Amino acid sequence: MSDDGSGQYEEMLRRLNREIDIWSRLKHRNIVPFIGICRDLAPLPVLISPFYKFGHVGKYLTKHPEVNREKLVLGVASGLHFLHENGVVHGDLKVQNVLVDKHGVPCICDFGISKVVSCRGFTTSNVGTAPYMAPELFCVIDGPGMNSHASSTSGTTPCSDVYSFALLVLEILTAEPPKGRPSRPIVTVRILADLRPKRTDYDKREVSRRTWSVLDRCWSLEPLLRPSISEVLRDLTDCFVPTPLLDVEGEGLVDRLVV
């Protein structure tokens, strides 16, 4: 991109600098590390991270279908929990934005439309990728007159991240994109009312009843009724991780699989 006076170059540079500011602060096992910036390869700065030969989590599961998917889910949840604890809204959680390192650890990437809550200069008007977007982020074409109105929120929030995360969990557990999702950020009232994933569309062997119960709360139409990511992480851990019990003598621990 060249500086042609249209303002696009300045806008791109502003977005890159904002991504650098956000990304460089984040240090966590489930966040792709920021290594640095190279300014000599292109007109715009190049952001440097480790190379992930497995690619994103969707490609990883295609080549390694036998891996522990629940462990991947908990890793992504842990990364998102870290972001929210540090006041960062990711804004575009989807399968392509979770890379898998050489140890099989999922790492959240792409902070181009992320924002820092309660910090001036770190906001964004972008609202993510349509199939993963929360209902409040869609532009709705309302009623017979086809009058469009903007989404009911000013942008992405921790609540919309939780909604997207739950859809991402479905994709990790089933190796299929969430069903029945819009491909564009413009929907009708009827489509909006029918966005919530349906239990009958998913195999109970891939998504257990307990897991579905946790995810279903994340898809509440009302953002404030959705659980926080800390609650989701806790509840999914209870679903996935064997529960330790005392043995019959009251000494030591034995593992019980949660069904």
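Predicted model: local features only at pLDDT ≥ 70, side-chain atom pairs only at ≥ 80, totals over all residues.

Trainee: Why is Asp-161 called buried?

Mentor: The word applies to a relative accessible area under 20%, and Asp-161 has a value of 1%, so Asp-161 is buried.

Trainee: What makes the approach of the Asp-161 side chain to the backbone nitrogen of His-90 a polar contact?

Mentor: The pair is 2.8 Å apart, and the cut-off for such a pair of N or O atoms is within 3.5 Å, so the distance meets that limit.

Trainee: How do you know that the buried residues of helix H6 are on the same side?

Mentor: In H6, residues 209-218, the buried ones are Thr-211, Trp-212, Val-214, Leu-215 and Cys-218. They cover an arc of only 160° around the axis, and therefore they lie on the same side of H6. These buried residues pack against H4 and against helix H7, residues 229-240.

Trainee: What is the average pLDDT of the chain, and where is the pLDDT below 50?

Mentor: The average is 84, with 81% of the residues scoring at least 70. The pLDDT is below 50 over residues 144-152, a stretch with 14 contacts in the model beyond near neighbours in sequence, and also over residues 245-259, where the corresponding number is 24 contacts.

Key
Residues numbered from 1 in each chain as written. Heavy atoms only, no water. Buried < 20%, exposed > 50% of the residue type's maximum accessible area, 1.4 Å probe, protein only. Polar contact = N/O pair within 3.5 Å; in protein donor to acceptor, adjacent residues only side chain to side chain. pLDDT = per-residue confidence, 0-100. Contact = heavy atoms within 4.5 Å. Helix = DSSP H or I, 4+ residues; strand = E, 2+ residues; numbered from the N terminus. Arc of directions from axis to C-beta.
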